[in-house]
Amino acid sequence: MQKVLTIAGSDSTGGAGLQADLKTFEEYGVFGFSSITSIVTMNPEGGWFHKVTEIPEELLREQLVSVFAGGTVAALKTGMVGNEINIRTASEFIRKYEVAHVVIDPVIACKGTAQILQPKSVEGIKEYLLPYAEVTTPNLVEAGILSGLGDLTSVEEMQQAAEIIHRLGAKNVVVKGGHRLPSEQAVDVFYDGEAFTVLEGPKIQTNHNHGAGCTFAAAITAGLAKGYSPKEAVVLAKSFVAKAIEQGVSINPYVGHVWHGAYNQAEKRMGVAE
Ligand code: PXL
C-alpha cells in the first residue's frame with residue numbers, strides 16, 4: 001500500500017484541512033500520515049471567524065521526523081502551512097527525502113477569513129514550495145496573488161496566471177475557477193507547460209462546499225501515488241470532489257461541508273445495527 005502525507009492545518013469540524021485529506025486518502029485506498037502546521041478554530045458567536053494558531057517549528061519538525069522514520073512517502077501534499085519558517089521546514093523534508101509526487105495547495109486565505117497570509121508567506125510558497133510541485137492547485141484568488149495578475153475574471157486570464165505559476169517551478173498547474181468565475185459551467189484550467197486543457201463541469205448550486213479545495217488536492221495526491229498521470233489524477237479528483245459537493249452534509253448552521261465518502265458511498269459500509 002502507498003504511504004501518503006499531508007502537511008496541513010487542522011479543521012476540527014472535519015470538512016477541510018488535514019481531516020479532509022486523511023478522509024480522502026482513505027477513500028483512495030492509500031495509507032495517510034499527517035503533520036499539523038496550525039490549528040484553525042471557528043467562533044460560533046463571532047460570525048464563524050476563523051482563528052489560526054500556528055504550531056511551533058520544532059513540533060512540526062518532530063512530526064515530520066516521525067513520519068519519515070519509515071523511509072520516504074509515495075506522495076505528499078501541503079495545505080495551510082502558514083508562516084515562512086514552517087514552509088522552509090516542509091520544503092527541507094521534501095528535498096531531503098526526495099518525495100516523488102508533491103502537490104502544493106497554496107492555501108493563502110480560506111473562505112470565512114478575509115485574512116491573507118503575510119506577503120512574506122506568499123513569497124515563501126513561491127520560493128520554497130512551488131519549485132517542488134508536480135501539481136499546484138490555486139483557486140482564482142490565489143492564482144491572482146501568486147501570478148501578480150490580481151483579479152482574474154476570464155479563462156484567458158486564468159491561462160496567463162497558469163503560465164506565470166508554471167514559470168515559478170510548478171510542473172502542472174490547475175487554476176480552479178470555482179463559483180467565483182462568472183461563467184455558466186464550473187471551469188478549471190489545467191496547464192502542463194505545453195498545452196492548456198479547460199475542464200468543465202456543472203456549477204453545483206449548493207452551500208456545501210467547505211473543504212472542496214483541500215479534498216481536491218488530496219485526491220490528486222492520492223491519485224499520483226497510485227500511478228495516475230497528473231492530468232488523469234486531476235480529472236479523477238474533479239469527479240471525486242463533484243460527488244462530495246453534490247452530497248454535502250449540514251453539520252452546523254454556519255457552513256456546509258462536503259462529504260468525502262460520497263464517491264464510494266462510504267456511508268453504506270459496515271451496514272447498520274439491527
Ligand atoms: O479551505 C481552506 C482551509 C485549509 N486548511 C484549513 C482550514 C481551511 C478553511 O477553513 O480550516 C485547516
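Which residue forms a salt bridge with Lys 77? In this predicted model, the partner is Asp 21. The closest N and O atoms of the pair are 2.9 Å apart. The relative accessible area of Lys 77 is 1%, and that of Asp 21 is 0%. Each value falls under the 20% cut-off for a buried residue.

The structure holds seven salt bridges. Another of them pairs Glu 92 with Arg 61. Here, too, the closest N and O atoms are 2.9 Å apart. Glu 92 sits in helix H3 and Arg 61 in helix H2 (residues 57-68), so this pair ties together parts separated by 31 residues in sequence. Glu 92 is partly exposed, with a relative accessible area of 27%. Arg 61 is also partly exposed, at 28%.

A further salt bridge lies within one helix. Lys 126 pairs with Glu 123, and their closest N and O atoms are 3.6 Å apart. Both residues are in helix H4 (residues 119-129). They are three residues apart, which means that about one helical turn separates them. Lys 126 counts as partly exposed, at 21% relative accessibility. Glu 123 is partly exposed as well, with a relative accessible area of 43%. Elsewhere, salt bridges with shared partners join Glu 57, Arg 61 and Glu 92 into one network.

Helix H3, which carries Glu 92, was also examined for its length. The helix runs over residues 84-96 and has 13 residues. At 1.5 Å a residue, H3 should span 18 Å. The expected span counts one less than the number of residues.

Glu 92, by contrast, is partly exposed. Just after H3 comes Glu 98, which takes a positive phi of about 45 degrees.

Methods: Residues are numbered from 1 along each chain as its sequence is written. This is a predicted model: local features need pLDDT of at least 70, side-chain atom pairs count only at pLDDT 80 or more; totals for chains, interfaces and linings use all residues. Side-chain values use heavy atoms; hydrogens and water are left out. Helices (H or I, at least four residues) and strands (E, at least two) are DSSP runs, numbered from the N terminus. A salt bridge is a side-chain nitrogen of Lys or Arg within 4 Å of a carboxyl oxygen of Asp or Glu. Buried means under 20% relative accessible area, exposed over 50%, partly exposed in between (1.4 Å probe, protein chains only).
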